[in-house]
Amino acid sequence: MSGTASTVRVSVDSAHCIGAGQCVLAAPTVFSQWPSDGRARILDRQPSGTQAVAVRLAVRHCPVQAIQLIESGVGQ
Ligand code: SF4
């Protein structure tokens, strides 16, 4: 295995999400916001490639650390 192609599993803790929208800005094909309360909604739970990179950025930008990321498919 090369270890370069990875897939991540994404989840959002809705109890902590404050609807800041930073995740949507970082990865708009992975996250969206519910119109009712602005909380994050996941469009793609297992993004890969450039979208996985964008999700890592979203994790860093989320002001309340509400995004969980589980790395998978990474060779070690
Ligand atoms: S950046 Fe964090 S707080 Fe903001 S909408 Fe996304 S998950 Fe919620």
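**Before selecting anything**

This is a predicted model, in which local features need pLDDT of at least 70, side-chain atom pairs count only at pLDDT 80 or more, and totals for chains, interfaces and linings use all residues. Residues are numbered from 1 along each chain as its sequence is written.

**The whole protein**

Display the protein as a cartoon. It has two helices and four strands; helices (H or I, at least four residues) and strands (E, at least two) are DSSP runs, numbered from the N terminus. Followed along the sequence, the pattern is β-α-β-β-α-β.

Next, colour the chain by burial. A residue is buried if 20 or more other C-beta atoms lie within 10 Å of its own, exposed if 12 or fewer, and partly exposed in between, with C-beta atoms placed from the backbone. Of the 76 residues of the protein, 21% count as buried. Contacts may be shown as well; two residues are in contact if their C-beta atoms, placed from the backbone, lie within 7 Å. Among contacts with a separation of 6 or more, 63% join residues 24 or more positions apart.

**Helix α2**

Select residues 50-61, which form α2. How far apart are the end C-alpha atoms of α2? They are 17 Å apart, which agrees with the 16 Å that its 12 residues should span at 1.5 Å a residue; the expected span is 1.5 Å times one less than the number of residues.

Now highlight Ala 52, Val 55 and Ala 58, which are buried in α2. Because they cover an arc of only 105° around the axis, they are on the same side of α2; the arc is that of the directions from the helix axis to the C-beta atoms. An α-helix has 3.6 residues a turn, so residues three or four places apart point the same way. The buried residues of α2 pack against β1, α1, β2 (31-33) and β4 (67-72).

Select Val 55 first. Val 55 is buried because 25 other C-beta atoms lie within 10 Å. Leaving out residues up to four places away in sequence, Val 55 touches Val 8, Val 10, Ala 27, Val 30, Pro 47 and Leu 69.

Move to Ala 58. Ala 58 has 23 C-beta neighbours inside 10 Å and therefore counts as buried. Beyond its neighbours within four places in sequence, Ala 58 is in contact with Gln 22, Cys 23, Ala 26, Ala 27, Phe 31 and Ile 67. A C-alpha to C-alpha distance drawn from Ala 58 to Ala 26 reads 5.3 Å, across 32 residues of sequence.

The C-alpha atoms of Leu 57 and Ala 26 are separated by 6.3 Å.

Finally, select Gln 51. With 17 other C-beta atoms within 10 Å, Gln 51 is partly exposed. Its contacts, apart from neighbours within four places in sequence, are Ala 27, Thr 29, Val 30 and Asp 44.

**The nonpolar core**

A nonpolar core is a set of buried Ala, Val, Leu, Ile, Met, Phe, Trp, Tyr and Cys residues joined through C-beta atoms within 7 Å. The largest one has 15 residues, and Cys 23, Ala 27, Phe 31, Val 55, Ala 58 and Ile 67 have the most contacts inside it. Two or more residues come from each of β1 (7-12), α1 (22-26) and α2 (50-61). The helix α2 gives the most, with three residues.

Select Gln 65, in the loop between α2 and β4. Gln 65 is not a glycine, yet has a positive phi of about 50°. With 10 C-beta neighbours inside 10 Å, Gln 65 counts as exposed.
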